[in-house]
Amino acid sequence: MSRLTLGNAVKVGLVVVFLPLLAYLVLFIGAVKKNVRAIVEGLVYAAGFSVAVFELGWGGPGVLLGLASMAASGVRAWHLRDLWLPARRRWWHRFVPAESPGQAALAAPSTTAAVEPADARSSALADVAHDARRNRHRLPPAAVASLLETCRTLDAVIAAEKREPSGDARLEYELDAMVQQYLPAVVRGYLAIPPSMVDSRQPNGRTPKEELAEQLQILSAQAQSLYTSRYSRTPAQLTTTGNFLREKFGQSQEKAYDFGVR
């Protein structure tokens, strides 16, 4: 990420041109970006500079107050650079999709986390379902239904693994990730948002409710994929057992009734 863009260069150039008005920069940034905190803070610097210029004059106290207001506004403008000097991705990064904070939270689990036993998976999944029911009044009804359906699907996979382990390390790893990290992270992330903001548009143009619905849809599809992968093994295992039995006992059974009559 880099701030060396044409737009940012123009902004910095304008700041240099209007350097005598530097004390008003934070106020201007706050007003343009509709940031109340920056507006209030900018009013303090602007008021100090205005008092120094129009009331105290450029005598000793006036000069000190004016320069202090300009310096403080300049420093705070740099601290607030993310508001008015946004970083841009370098050209070679345009071909790599950006990772949002939500995606970072749902990143693949660390390899240091050992594959959890079936009881731990069941307990973690039960906690997710419990949180969904307990916060039913805060979660959208469709999200609660999707979340509980996903929990039921994963519970069936956990039960099958507990009854007869498949020995598939990848499946177990993905199953652990779903019940230990992905589902809890999505639920906790949404519940951490104040109820008054769940319908507000984010910088990506979507509301938290829409993000929640999409993420739960993705997790539901992944849970169904794990279910299909796990239970598709059952017919294959039965076929393998049948092939073994036919090979093992099929010929011997024919010979058992063979009395040598031709």
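Guide: This is a predicted model. Its largest nonpolar core has 30 residues, and the members that touch the most others are Leu 125, Leu 139, Leu 147, Leu 154, Met 178, Leu 183 and Leu 212. At least two residues of this core come from each of four helices: H7 (118-134), H8 (141-163), H9 (169-191) and H10 (208-231). The largest contribution is that of H9, at 11 residues.

Leu 212 shows how such a member is surrounded. Leaving aside residues up to four places away in sequence, Leu 212 touches Leu 139, Pro 140, Ala 143, Val 186 and Tyr 190. Apart from this core there is a second, separate one of 13 residues, with Leu 22, Ala 38, Ala 77 and Leu 85 among them. As a general point, nonpolar side chains in soluble globular proteins tend to be buried together.

At the start of H9, Asp 168 places a side-chain oxygen within 3.0 Å of the backbone nitrogen of Arg 170.

The partners are Tyr 24 and Phe 49, in an edge-to-face arrangement with 5.7 Å centre to centre and 80° between the planes. Tyr 24 sits in the loop between helix H1 (6-17) and helix H2 (25-33), while Phe 49 belongs to helix H3 (residues 36-56), so the pair ties together parts 25 residues apart in sequence. Phe 49 is buried because its relative accessible area is 7%, under the 20% cut-off. Tyr 24, at 26% relative accessibility, counts as partly exposed.

The setting for these parts is a chain of 11 helices and 0 strands. In sequence order the pattern is α-α-α-α-α-α-α-α-α-α-α. The chain has 262 residues, of which 28% count as buried. Of the contacts between residues at least 6 apart in sequence, 68% join residues at least 24 apart.

Note on methods: Residues numbered from 1 in each chain as written. Predicted model: local features only at pLDDT ≥ 70, side-chain atom pairs only at ≥ 80, totals over all residues. Heavy atoms only, no water. Core = buried A, V, L, I, M, F, W, Y, C linked by side-chain atoms within 4.5 Å. Buried < 20%, exposed > 50% of the residue type's maximum accessible area, 1.4 Å probe, protein only. Contact = heavy atoms within 4.5 Å. Polar contact = N/O pair within 3.5 Å; in protein donor to acceptor, adjacent residues only side chain to side chain. Phe/Tyr/Trp six-rings, centres within 6.5 Å; stacked < 30°, edge-to-face > 60°.
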